[in-house]
Structures are given as structure tokens and as C-alpha cells.
Amino acid sequence: MNDVLDVFKDKIQSLEYKLGYTFKNKNLLLASITHRSFVAEYSKKIPDYEVLEFLGDAVLSLIVSEILIKEFPRAREGELSQIRSAVISEAYLSKLAKDLNLHDYILISKGERIQKGTERESLLCDVFEAVFGAIYIDSDFSIEKPREIFLKYFKDRLINDIKTESIPKDFKSLLQIETQKIYGSVPQYRLISAEGPEHDKVFTVECKIDSIKTLGKGKSKKEAETQAAKEAYLKIKSE
Ligand code: MN
């Protein structure tokens, strides 16, 4: 594995500098920027970011929850969850990832790169999550370092974006709140199709609630669901 680290030494150093954090285990940082398309293409067996992403998702959720309850001590649980899910959405986290220039570090296959894979919201968000998951593991499963780094870079911006309502709305949770009020039930999502080549799939999802049916398209299932939820939400609101 050390010869692999050697190959990516500059990238790793530059990202550590950017984060203001030096990894004890550089393999963790390398894994956090490695997409599985790169692993398939690379000559040596290296881990991808998927497990770190899974963990980082929870790490960011905790950090954001802390910021919210401190900053908005009078907000109710429903309001807090709605803001939190808008913050930890692909749409918003991918913006924060761009702030860190994470697209310059991501390792993806040549095919993905040609298709501008590093600009995809879902990929940027995944890597952002994975980097925070990696810092969490590297600092012996302590939230302190990830929290410190997140606060340093994003706290002021986050609070400002919430206050000025500049966070992309999370239509799935908005729709759910609305349909629970009106119909006493939640929308159902169903994957209709996933078309196109592996690196450039387009997903179509149907959202169904009572007699309302809408379709949404996107580069990920989540993106398609959000799009379908938005259509349904606007429909309900206009009726
Ligand atoms: Mn993700």
C-alpha cells in the first residue's frame, strides 16, 4: 500500500493542508477521495470511499444538529429536522465540497472524468461525507476534529444561508409534512427506469400520493425523487 501512497503523495499533502489536518493514517484520506470507478481501472487493489461516506453522513448529521440547537434554541423539532435535511442534502453539501475544491482531488476513472463526473452533485457530496468520515476514524472515533474543521470552514456560511433562506429546499420533507396534514399519509416513491451507460445514468422516479402522480428525473435516485417531490409539492400547493 505504501507505494500507492507514494504515487498520490502530492494530492494527499495538498488536501491535508487545505483541511488543516494531518492524517496519522494517510490511507484513510486516500480512500475518502477514491470512487469505485477508479478502483476498477487502477492496477492495484485499493479501497473506495463508500464505507467512509456511510460514516461521514452520520458525523455531519451530528455536527449540523449541534450547530442548529445552539444557534436556534427556540426552534421546534419539526423545524430543526427540516433545516437539517436541507443542509445535509446533495444539493447543499456539494456546494460546500466545491468551496474546498474537492473536485480537484477526486480519483475517478477516465470515462467518468470525460463525462464530467467530478462535477456531479451526488459524487461531490459523497466525497465530502467520506472526508469527514475519514477524519473521524483517524482521530480515534472522536467528533472533536471533524467538528472543529467543519465549524472553521462552514459555520458562519451555514448560519447565514439558513437565515437568508439560501439553502436549496428539501422538497421530499416539505411534501411529506404537507401530505401528512392533508391526507394523513406519506408519498410513495417508485423507480420507473434507469437508462444510459453506467457513468451517465438517468433515473426516473414516480411519486404517488392519493390521486396525485408525478415523475422526476435525475442523475441519482435521490435527485429524481427530489424532482418528483417538487412537482407534487407545487401541484398540491396550487390546488
Ligand atoms: Mn452520500
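The largest pocket in this predicted model has a volume of about 1100 Å³. A pocket here is an open set of points on a 1 Å grid over the protein atoms alone, where a 1.4 Å probe fits, with protein on both sides within 12 Å along at least five of seven lines. The volume is the space filled by probe spheres set on the points, which are joined across faces, edges and corners.

The lining of the largest pocket consists of 43 residues, and Glu90, Ser122, Ser220, Lys222 and Glu223 lie nearest its centre. A lining residue has an atom within 4 Å of a point. Two or more lining residues come from each of α4 (36-41), α5 (50-71), α7 (90-99), α8 (110-114), α9 (121-138), α11 (171-182) and α12 (221-238). These helices are DSSP runs (H or I, at least four residues), numbered from the N terminus. By class, the lining has 22 charged, 12 polar and 9 nonpolar residues; Asp, Glu, Lys and Arg count as charged, Ala, Val, Leu, Ile, Met, Phe, Trp, Tyr, Cys and Pro as nonpolar, and the others, Gly among them, as polar. Because domain 1 (2-163) and domain 2 (171-238) both give residues to this lining, the largest pocket lies between them. The domain bounds come from an automatic or database domain assignment.

The second largest pocket holds about 390 Å³ of space. Of its 15 lining residues, Gln82, Ile83, Ile162, Glu165 and Ile167 lie nearest the centre. Helices α6 (77-87) and α10 (144-163) each give two or more residues to this lining, and the largest share, 4 residues, comes from α6. The lining divides into 7 nonpolar, 6 charged and 2 polar residues.

A manganese ion is coordinated by Glu53 (OE), Asp126 (OD) and Glu129 (OE) at 2.2 to 2.4 Å. Donors are N, O and S atoms within 2.8 Å of the metal (3.2 Å for Na, K and Ca), and sites may look incomplete, as water is not among the atoms. The spacing of the donor residues in sequence is E-x72-D-x2-E. Asp126 and Glu129 are 3 residues apart in helix α9, so about one helical turn separates them.

Gln13 lies in helix α2 (residues 9-19). Gln13 counts as partly exposed because its relative accessibility is 47%. The C-alpha atoms of Gln13 and Thr226 are separated by 37 Å, with the two residues 213 apart along the chain.

Residues are numbered from 1 along each chain as its sequence is written, and side-chain values use heavy atoms, with hydrogens and water left out. Local features need pLDDT of at least 70 and side-chain atom pairs count only at pLDDT 80 or more, while totals for chains, interfaces and linings use all residues.

Note on methods. Buried means under 20% relative accessible area, exposed over 50%, partly exposed in between (1.4 Å probe, protein chains only).
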